Amino acid sequence: PIWRWSDVREWAEAAAGSPSGPSEDGLRLAGIRDRFRAAGFRLKIAPDPDSGGWSAVRVSPGRRSTLGDAFQGGTALEAAENALEWLETHH
């Protein structure tokens, strides 16, 4: 099935805190990705095998995900928060 993001977001917010719902970190990551999407970017978050941590890559429209600015962190949320700091000061 294909889900509308607004339906997923509504479910996630209603299910937060329940055993079947998303974690607080998951909701925070979704919120950060929403901010990037609203600014016209994508945010690719993935494990970084070189550092053993995580990488959040800001990708401009029409660019490959390997060509964006990378922000590092010990966790996925920390990497995303570092990327968000850039977004808040540069966009």
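Guide: Axes are lines fitted to C-alpha atoms, for helices over the stretch in contact, and angles run from 0 to 180 degrees between N-to-C directions. This is a predicted model, in which local features need pLDDT of at least 70, side-chain atom pairs count only at pLDDT 80 or more, and totals for chains, interfaces and linings use all residues. Residues are numbered from 1 along each chain as its sequence is written, and side-chain values use heavy atoms, leaving out hydrogens and water.

Visitor: Why are helix 1 and helix 2 called roughly antiparallel?

Guide: Their axes cross at roughly 150° and come within 11 Å. Angles over 145 degrees count as roughly antiparallel (under 35 as roughly parallel, 65 to 115 as roughly perpendicular, the rest as oblique). Helix 1 and helix 2 are therefore roughly antiparallel.

Visitor: What makes the contact between helix 1 and helix 2?

Guide: Contact means heavy atoms within 4.5 Å. Helix 1 contributes Trp5, Arg9, Ala12 and Glu13, and helix 2 contributes Leu27, Ala30, Gly31, Asp34 and Arg37.

Visitor: Which residues of helix 1 are buried?

Guide: Arg9, Ala12 and Ala15 are buried in helix 1, residues 5-15. Buried means under 20% relative accessible area, exposed over 50%, and partly exposed in between, with a 1.4 Å probe and protein chains only.

Visitor: How do you know that the buried residues lie on the same side of helix 1?

Guide: Arg9, Ala12 and Ala15 cover an arc of only 140° around the axis, which puts them on the same side of helix 1. The arc is that of the directions from the helix axis to the C-beta atoms. The face turned away from this buried side carries the exposed residues Glu10, Glu13 and Ala14.

Conventions: Helix = DSSP H or I, 4+ residues; strand = E, 2+ residues; numbered from the N terminus.
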